[in-house]
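Open the model in your viewer and keep the selection panel handy. We will go from stop to stop, and at each one you will hear what to select and what is there.

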Amino acid sequence: MERTILIRIGEIFLKGNNKRFFTSLLKKNINVALENYQHTFVNSQNRMYIENYKESEECEILDKLQKVFGIYSISTAVKIPTDLDEIAKLCAEIFPKKGTFRVTINRADKTIPKKSTEIASDIGGYMLEKANGELKVDLFNYEFEVSIDIRESSYSYIFFNRLLCSGGLPVGCSGNGMLLLSGGIDSPVAGYMMAKRGLKLYAVHYHSFPYTSEQAKEKVIELANRMSEYSGEVTLLVVPFTNIQYAIKQNCPIEYMITIMRRFMMKIAERLAKENSCGALITGENLGQVASQTMESINVTNSVVKMPVFRPLIGFDKAEIIEKAIKMDTFKTSILPFEDCCTVFLPKNPVIKPKINTAIEYENQIEDRDNLIEEAIKNVETIICKR
Amino acid sequence: MIFLDNASTTIVDKDCQEICNKYYFEEFYNPSAMYHSSIVVKNSINDARKTILKALHANDGDIIFTASGSEANNLALLGTKKQKGSKIIISASEHPAIYNTALELKQRGYEIVEAEVDLVGRVKIDEFAKIMDKDVSMVSIMYVNNETGCINDIKKLCEIAKSINPNVIFHTDAIQATAKIDINIRNLGIDLLSMSGHKFHSPKGIGALYVTRNINLRPIIFGGGQENGIRSATENVAGIMCMAHQLDKLSRKIESNYNQVKSLKNSLVQNLDKNNYFVVSDDDCSPYILCVAMKFVRGEVMLHSLEKYGIMIGTGSACSSQKSSKRIPRLFQLLPEYEKGIIRVSFDDKTTKEDIEYFIKQLNLEYSLLVKYMRG
């Protein structure tokens with residue numbers, strides 16, 4: 001008798017000819033997630049299993065697997081050679097002796113002469129016999145299900161439970177995305193959601209030392225680390241941004257400070273995205289949340305880039321975003337009270353409906369703007385974030 | 001590296017290395033065990049107690065070792081027996097270790113009264129006399145304020161308190177005072193006093209509460225009954241020995257160190273351009289702490305700007321990142337343009353004249369750069 005974990009894939013099963021691409025990527029991601037645990041990955045007859053792991057580490061492995069995108073659900077099971085008498089004995093031993101239950105058989109091994117329903121009734125009967133009358137069969141309103149898979153490999157699996165996982169697609173199958181990571185509540189959630197759709201994450205953070213502290217940077221690294229539990233390794237690029245902010249402050253009207261700053265951010269993000277083979281930008285923008293996230297503001301900041309910009313949170317309420325942030329455990333870090341670069345030089349009345357032409361006109365007043373961008377990109381600090 | 005944040009912590013004295021080696025690697029025994037080697041350690045701890053009592057000029061009473069100054073403050077406030085629902089006076093400028101513990105006592109049904117303070121955080125004696133009455137079971141007023149360095153007249157306050165209610169328990173948080181100004185417990189007349197080792201060149205993780213003889217404390221940590229049952233936990237022997245050693249050593253030099261630091265502080269104050277800087281601390285404050293407010297430049301930004309020169313200063317609790325802690329800066333009643341510009345420069349006996357000169361030069365340089373980009 002050996003313990004094993006069954007992995008059920010999510011949307012991948014809908015894929016056609018390129019299914020292999022998705023499953024091999026998922027296998028790779030699972031192996032990376034479990035790299036610190038002894039295990040064997042088994043892919044047989046359209047099913048994935050984790051075997052040969054230490055029983056003492058089972059909880060941690062389940063926890064890791066629940067965070068791998070592309071997995072729909074997992075079950076722990078025992079694997080035993082197919083012998084119906086032995087299976088019945090084992091079921092009577094390991095399942096509760098009280099309550100209502102049903103037995104469900106999946107018989108892939110057609111060499112066994114009995115039909116699934118017959119096997120189910122035999123095993124259920126045996127369990128009733130051993131249970132001193134406190135156990136009852138109820139096929140519809142059962143308290144637990146004894147689920148048995150009889151495979152063609154002459155092995156059978158008896159499942160205990162079924163844990164829902166994160167769903168989505170394996171990270172990497174959709175290419176690379178560059179996330180603008182501020183340190184607030186929204187951007188990590190946006191990253192999570194796009195990783196769930198198969199994007200491998202790169203992140204760019206704008207750092208305004210000495211206006212924002214070392215702690216603010218540490219906080220963003222921590223957020224990227226937490227995100228990486230789901231998305232796998234995140235490459236974080238920290239861009240020194242103070243000189244650009246100084247230039248905007250000196251040359252542009254204060255109410256356009258944030259608008260022009262965000263245009264610079266988008267430009268730099270697109271440059272870094274191209275350098276890192278990313279096909280899209282990702283932001284945590286959310287329509288109407290703040291002055292810089294009105295339709296007009298988004299239009300003005302979006303107009304500096306050609307790349308698609310994914311904004312998975314655009315239609316969410318703040319409460320919904322917070323709920324997701326709590327679930328992925330970034331909320332507590334996000335609300336640590338360190339200033340991010342957007343709050344430095346924050347005008348009292350930022351423009352709510354900026355105009356593209358006005359923004360360009362003001363921007364042109366910064367004569368060395370191209371140099372400033374080159375300088376910032378040249379001094380990017382790269383940090384690999386991984387849990 | 002120029003470390004001017006000595007009110008937050010201090011560098012551990014080299015002597016402590018030897019002491020730690022001794023109690024980590026040689027006399028590492030559990031003081032509660034019954035063999036001879038343990039009894040030797042236990043005796044050393046008791047000698048340390050005596051050393052500390054002597055340094056504080058205490059006739060009698062006891063020293064309860066804790067893991068920190070905060071814990072000593074907690075033990076003082078929570079562990080003393082007080083009539084249910086009675087009044088407790090604290091000053092409005094107490095450190096969070098007192099202030100938040102008092103809030104906990106409020107939750108438990110006590111009435112907390114804040115003694116009014118002046119613009120540097122010093123308790124106003126007259127106002128204190130007005131709020132002190134027979135229903136007050138305990139008073140806790142800090143000796144030296146951790147933000148401005150202001151020194152409270154503990155002797156006078158204690159006298160007033162005891163003259164109105166002889167049974168009142170008087171505690172002082174002396175964490176910024178210990179080993180820096182001469183504390184004479186006999187003279188002060190107080191019942192309880194907190195200290196913290198790492199504020200005077202001992203390792204972190206050790207503190208103590210002085211308790212006068214007629215006070216009975218109830219434990220806030222339970223266990224094997226160490227420290228007469230008041231503070232269970234295997235003793236931090238090395239920490240205890242280091243703290244006692246440091247207090248003994250520094251007590252002998254209190255006056256000379258004080259004068260030396262005072263002249264450094266004065267030269268710093270003289271060199272600050274009064275158009276840009278407002279000195280919050282006054283002449284009566286402890287010279288070890290200097291609180292300054294800058295015009296238009298945020299304290300936190302200055303702190304980070306000075307980092308590149310290897311200069312470390314503090315912002316006290318005035319740091320704008322900690323949005324919840326406006327309690328203390330509000331007491332200074334600063335003009336709006338100074339409100340966010342608080343920095344705290346804190347010295348120790350190892351700070352040199354050259355350190356201060358370099359600091360002033362870089363401070364002025366950075367100020368002139370930063371003030372250009374003040375917030376719109």
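**First stop: a loop in chain B**

Select B:His201, which sits in the chain B loop between strand E7 (192–196) and strand E8 (207–211). Helices (H or I, at least four residues) and strands (E, at least two) are DSSP runs, numbered from the N terminus. Before going on, note that this is a predicted model, in which local features need pLDDT of at least 70 and side-chain atom pairs count only at pLDDT 80 or more, while totals for chains, interfaces and linings use all residues. Residues are numbered from 1 along each chain as its sequence is written, and chains are lettered from A and ligands numbered from 1 in the order in which they are written.

Look at the backbone of B:His201: phi is positive, about 70 degrees, although the residue is not a glycine. Is B:His201 buried or exposed? B:His201 counts as buried, with 26 C-beta neighbours inside 10 Å. (Buried means 20 or more other C-beta atoms within 10 Å of the residue's own, exposed means 12 or fewer, and partly exposed is in between; C-beta atoms are placed from the backbone.)

**Zoom out to chain B**

Now show chain B as a cartoon; there are 12 helices and 12 strands to find. Along its principal axes, the C-alpha trace spans about 65 × 50 × 35 Å. Buried residues make up 48% of the 376 residues in chain B.

Colour residues 14–251 as domain 1 and 254–373 as domain 2 of chain B; such bounds come from an automatic or database domain assignment. The C-alpha centres of these two chain B domains lie 28 Å apart. Where they meet, 18 residues of domain 1 of chain B are in contact with 19 residues of domain 2 of chain B (contact means C-beta atoms, placed from the backbone, within 7 Å). The domain 1 side of that meeting place in chain B divides into 9 nonpolar, 6 polar and 3 charged residues. Here Ala, Val, Leu, Ile, Met, Phe, Trp, Tyr, Cys and Pro count as nonpolar, Asp, Glu, Lys and Arg as charged, and the others, Gly among them, as polar.

**Along helix H9 of chain B**

Next, select residues 254–270 of chain B, the 17 residues of helix H9. Show the side chains of B:Asn257, B:Val261, B:Leu264, B:Lys265 and B:Leu268, which are buried. Look down the axis of H9(B): its buried residues fall within an arc of 100 degrees, so they line one face of the helix. What do the buried residues of H9(B) pack against? Their partners in chain B are strand E10 (289–294), strand E12 (342–346) and helix H12 (353–370).

**Across to chain A**

Colour chain A by its assignment too: domain 1 is 2–164 and domain 2 is 175–385. Their C-alpha centres lie 44 Å apart, and 4 residues of domain 1 of chain A are in contact with 5 residues of domain 2 of chain A.

Select A:Asn132, in the loop between helix H4 (116–129) and strand E6 (135–137) of chain A. Phi of A:Asn132 is positive, near 55 degrees, in a residue other than glycine. A:Asn132 is exposed, with 9 other C-beta atoms within 10 Å.

For the last stop, select A:Phe209 and A:Pro210, which are joined by a cis peptide bond with omega about 5 degrees. A:Pro210 is in the loop between strand E11 (199–207) and helix H6 (214–231) of chain A.

Notes:
The expected span of a helix is 1.5 Å times one less than its number of residues. The arc is that of the directions from the helix axis to the C-beta atoms. Two residues are in contact if their C-beta atoms, placed from the backbone, lie within 7 Å.
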